[in-house]
Amino acid sequence: MHQTPDTSLYFYLGQTVILGGIVVYIASLWWRWRELQADRAALHDLEPEA
Amino acid sequence: MDNPRPVGLRVVEALAAASMAVALWMVLVYAPLERTMGIVQKVFYFHVAANWLGMLSFIVAAVAAVAYLVTRRREWDVLEVAAVEIGLVFAFVGVVSGSIWARPIWNTWWTWDPRLITVTIMLLVYVAYFMLRRGLDDPDRRARFGAVYALVGLVSVPLTFFSVRLYRTIHPVVVGKNEAGAMGAFDMVADMRTTLFVSLFAFTVLYVALLWHRYRLGRAADDLEAQRLRLME
């Protein structure tokens with residue numbers, strides 16, 4: 001009788017890599033937005049009064 | 001925040017989150033277990049979706065490159081960079097997840113199979129895209145060279161896609177598995193096919209949301225740079 005192998009470790013590892021990669025990329029986008037906002041605020045402080 | 005997200009982007013974000021949740025549920029619960037490979041076969045749903053987006057994104061980059069070369073508008077260059085960056089992320093997680101699937105199925109993490117070789121070439125071609133851009137200081141020159149490179153680099157996409165049909169390979173063929181020479185294919189039952197299509201849909205919506213965000217980020221960075229230069233004058 002055929003016995004299906006237990007490959008769950010590799011399945012969860014594969015899913016974690018894909019979903020984890022996407023989450024890390026989203027976090028990097030969020031981080032870059034934050035940096036940009038900080039730079040923008042710093043630049044705004046340097047602008048001469050109109 | 002100075003740039004509130006447009007309504008359209010919020011809708012796409014919500015749709016992406018909902019469809020990704022449905023896709024994950026289908027992979028974990030709905031899709032049946034494949035008898036020979038066991039549960040690791042289910043990596044296939046997100047693996048195929050990730051690789052599909054990698055290739056789609058490089059095609060989007062090439063379209064943006066053509067648009068830039070014709071119009072010379074900065075927006076197209078920003079879109080092109082966004083598409084290449086996201087394409088690299090998806091292609092990379094696609095390769096790594098494939099390697100994890102291969103360990104119990106092929107009994108090795110990696111083998112120099114034609115599909116694996118062509119996908120590695122594709123990844124390296126697009127990593128080099130960013131190296132090229134970093135080496136050019138003049139923004140116009142950077143955009144022009146980047147656009148030409150993104151067009152030339154596109155050759156690696158069909159080469160990767162068709163490698164499982166053109167060469168002898170042990171990589172499974174999903175699209176066109178009934179063609180002569182398609183090796184390593186497995187039969188998908190209806191529930192598996194449905195799960196695959198839902199995964200492809202969910203990842204594509206997620207891609208639209210990510211591309212939109214990355215484009216906005218690029219545009220905002222451009223605006224900031226222009227503001228900085230104005231202040232220095």
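Two residues are in contact if their C-beta atoms, placed from the backbone, lie within 7 Å. Helices (H or I, at least four residues) and strands (E, at least two) are DSSP runs, numbered from the N terminus. The model is predicted: local features need pLDDT of at least 70, side-chain atom pairs count only at pLDDT 80 or more, and totals for chains, interfaces and linings use all residues. Residues are numbered from 1 along each chain as its sequence is written, and chains are lettered from A and ligands numbered from 1 in the order in which they are written.

Chain B has seven helices and zero strands. From the N terminus, its elements run α-α-α-α-α-α-α. Along the principal axes, the C-alpha atoms of chain B fill a box of roughly 70 × 40 × 30 Å. Of its 233 residues, 40% count as buried. A residue is buried if 20 or more other C-beta atoms lie within 10 Å of its own, exposed if 12 or fewer, and partly exposed in between; these C-beta atoms too are placed from the backbone. Contacts in chain B between residues at least 6 apart in sequence were also examined, and 74% of them join residues at least 24 apart.

Helix α3(B) has 33 residues. It reaches 46 Å from its first C-alpha to its last, close to the 48 Å expected at 1.5 Å a residue. The expected span is 1.5 Å times one less than the number of residues. α3(B) is mostly covered, with 24 of its 33 residues buried. Just after this helix, Asn107(B) takes a positive phi of about 65°.

Helix α5(B) covers residues 139-153. Its 15 residues should span 21 Å at 1.5 Å a residue, and its end C-alpha atoms are 20 Å apart, which agrees. Buried positions in α5(B) are Ala143(B), Gly146(B), Ala147(B), Tyr149(B), Ala150(B) and Gly153(B). They pack against α2 (43-71), α3 (74-106), α4 (114-134) and α6 (156-166) of chain B.

α4(B) and α5(B) pack at an angle of about 170°, with axes 10 Å apart. Axes are lines fitted to C-alpha atoms, for helices over the stretch in contact, and angles run from 0 to 180 degrees between N-to-C directions. The two helices are therefore roughly antiparallel (under 35 degrees counts as roughly parallel, over 145 as roughly antiparallel, 65 to 115 as roughly perpendicular and the rest as oblique). Val125(B), Tyr126(B), Tyr129(B), Leu132(B) and Arg133(B) of α4(B) meet Arg142(B), Phe145(B), Gly146(B), Tyr149(B), Ala150(B) and Gly153(B) of α5(B). By class, this contact has seven nonpolar, two polar and two charged residues. Ala, Val, Leu, Ile, Met, Phe, Trp, Tyr, Cys and Pro count as nonpolar, Asp, Glu, Lys and Arg as charged, and the others, Gly among them, as polar.

The axes of α4(B) and α6(B) come within 8 Å and cross at roughly 165°. That makes α4(B) roughly antiparallel to α6(B). Their contact includes Pro114(B), Ile121(B) and Val125(B) from α4(B), and Ser156(B), Leu159(B) and Val164(B) from α6(B). Its residues divide into eight nonpolar, four polar and one charged.

Between the chains, 25 residues of chain A are in contact with 30 of chain B. The chain A side has twelve nonpolar, eight polar and five charged residues. The axes of α1(A), residues 8-46, and α3(B) come within 8 Å and cross at roughly 170°. That makes α1(A) roughly antiparallel to α3(B). The contact comprises eleven nonpolar, three polar and one charged residue.
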